[in-house]
Amino acid sequence: MKEQIIAILMEQLDLERDDIKDDSDFVEDLEMDSLDMMELVIEIEKKLGLSIDNEKLSEIHCMNDLMEYIEA
Amino acid sequence: MSINTKITGVGSYLPETIVTNAMIEDILDTSDEWIIKRTGIRQRRVVKDETTTYMAVEAAKRAVENAGIKSENIELIIGSTISGDVSSPAIASYVQRTLGCENVAAMDVAAGCTGFIYAMATAISLMETLNKNTAVVVASENLSCRSDWSDRSSCILFGDGAGAVVIERSESNSIYHPVLHAIPDTDDVLYVASSKYAHPWSKDIATDDCAIRMDGKKVFAFAVDAVEKTLNELTELCGDKPITKIILHQANNRIIRYAATSSSYDKDQFFVNVDRLANTSSASIPLAIDEAAREGWLKKGDVVALVGFGAGLSYGGIIIEWAI
C-alpha cells in the first residue's frame with residue numbers, strides 16, 4: 001500500500017521515487033500545499049478505498065505519519 | 001414533447017481595469033508565484049465605475065446583437081448573480097428595462113457559481129411551459145466588491161464580468177441533457193455574507209459584512225467530485241454522441257487540471273481562461289463560451305459539456321451543440 005501511495009504522489013507532483021523518503025516533509029521537502037494534500041487524500045480514497053479524516057490532515061507531515069494513520 | 005432550442009447569440013462584458021498578481025503584492029503579504037502555484041490565476045478584471053447591472057445589460061446587448069434579433073422579440077429573461085447591486089429586483093428586470101422589452105417574463109435564479117447552468121435549464125423549461133420563442137440568459141458578477149481584501153487566501157481568487165446567450169427555438173435540438181444537483185452544505189464551506197440591520201425585537205446584530213467566505217480545501221474536494229460525477233453523467237446521457245469540448249466553471253485552474261487528468265478526456269478539450277479572468281462565479285461559463293467562440297476554439301458542430309459547481313452546494317451541467 002505504501003508504494004501505491006508513493007506512486008500517487010509521484011504522478012501528482014511529477015517526482016521521482018527517490019525524491020520521496022519516509023520522513024520527507026510534505027510541505028517543506030515536497031513543497032505541497034493544502035490543495036495538494038486534498039488531491040492526495042482524494043486519490044487515496046478513490047484508488048485504495050480508504051477514508052481519511054480531513055481534520056487529521058494537519059497532523060500528517062510525511063509518509064511515516066500517513067502510514068501510521070492508515071494502519072491505526 | 002419537448003421543444004427544440006439552440007444558442008443563436010453570445011456576448012460578454014469585461015471591465016477594462018486589470019489587476020495583476022504583482023499589484024496585489026503591493027497591498028498584501030503574497031506573491032505572484034504563490035498565487036499562480038495555488039490557483040493558476042495571473043490577473044483579473046475589476047470594476048471601476050461599472051455595476052453588476054451595467055455589465056449584465058452590456059453582455060445581453062452584445063448577445064442580442066450577435067443573434068441578429070430585435071430586443072422587442074425577447075420573451076423571457078433569466079438572470080444569475082451572487083453579487084447584485086440590489087437584493088431586489090432581479091438583474092433580469094434591469095436588462096428588460098434597458099433593452100426595452102415590453103412583454104417578457106423576467107427573473108433571476110440563485111444557485112451560486114452554478115447559476116448559469118441552472119438559468120439555462122430554467123430558460124429552456126420555461127420556454128416550453130410558457131410557450132416562448134426567444135430567451136436571454138445572462139450572468140453578471142461584481143466579486144471584487146464581495147471580496148475581503150484583507151484575506152489573502154480568498155481575495156486573489158475573484159474577478160468581475162458578465163456573459164449572456166440568446167436561446168431561440170429551432171428545427172433541431174442543440175441544448176439538452178440538463179442535470180441539476182445539490183448536496184447540503186452542512187459546514188457552511190461556501191457562502192456570501194449579507195449585511196443587515198438589527199431591530200429592537202431581534203437578538204440579531206447588525207453587520208455590514210458582505211464578503212465571500214469559503215473553506216478552500218473542502219470546496220476543492222467538493223468541486224472535483226462534482227465535476228467528475230457531472231461529466232460522467234453527461235457522458236452517459238450523450239451515449240454514442242461524444243462530447244468534443246468541455247467548459248467548466250472557471251474557479252481555479254487546480255480544479256480544472258485535476259478534472260482533466262482524472263477524466264477520460266484530453267486536457268486540450270477543456271477551455272481555460274481562469275488565468276486571465278480569475279473566478280467570476282456564475283458569469284464564468286458564458287464569459288468562457290463567448291471567448292471560446294470568438295477565438296475559434298468552439299467550432300460549429302462541437303458537442304460541448306458545460307459544468308458548474310458552487311454554493312449550495314449546487315452543481316450540474318448541460319450539453320450545447322455549437323450552432324453559430
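Residues are numbered from 1 along each chain as its sequence is written, and chains are lettered from A, with ligands numbered from 1, in the order in which they are written. In this predicted model, local features need pLDDT of at least 70 and side-chain atom pairs count only at pLDDT 80 or more, while totals for chains, interfaces and linings use all residues.

Trainee: What pattern does chain A follow along the sequence?
Mentor: Helices (H or I, at least four residues) and strands (E, at least two) are DSSP runs, numbered from the N terminus. Chain A has three helices and zero strands. Read along the sequence, the pattern is α-α-α.

Trainee: What radius of gyration does chain A have, against that of a compact globule?
Mentor: The radius is taken over C-alpha atoms, and the globule rule is 2.2 Å times the number of residues to the power 0.38. For 72 residues the rule gives a value near 11 Å, and chain A agrees with it, at 11 Å.

Trainee: What percentage of the residues in chain A is buried?
Mentor: A residue is buried if 20 or more other C-beta atoms, placed from the backbone, lie within 10 Å of its own, exposed if 12 or fewer, and partly exposed in between. Of the 72 residues in chain A, the buried share is 14%.

Trainee: Where do the domains of chain B lie, and what distance separates their centres?
Mentor: The bounds come from an automatic or database domain assignment. Domain 1 covers 5–172 and domain 2 covers 177–184 + 213–321. Taken over C-alpha atoms, their centres are separated by 16 Å.

Trainee: How many residues of each domain of chain B are in contact with the other domain?
Mentor: Elements giving two or more residues to the domain 1 side include strand 1 (5–13) and helix 5 (115–129) of chain B. The contact joins 39 residues of domain 1 of chain B to 37 residues of domain 2 of chain B.

Trainee: What does helix 6 of chain B reach from its first C-alpha to its last?
Mentor: The expected span is 1.5 Å times one less than the number of residues. Helix 6 (residues 216–238) has 23 residues, with 33 Å expected. The helix comes close to that, at 32 Å.

Trainee: Which residue just after helix 6 of chain B takes a positive phi?
Mentor: Buried residues of the helix include B:Gly216 and B:Leu234. Just after the helix, a positive phi of about 55 degrees is taken by B:Gly239.

Methods
Two residues are in contact if their C-beta atoms, placed from the backbone, lie within 7 Å.
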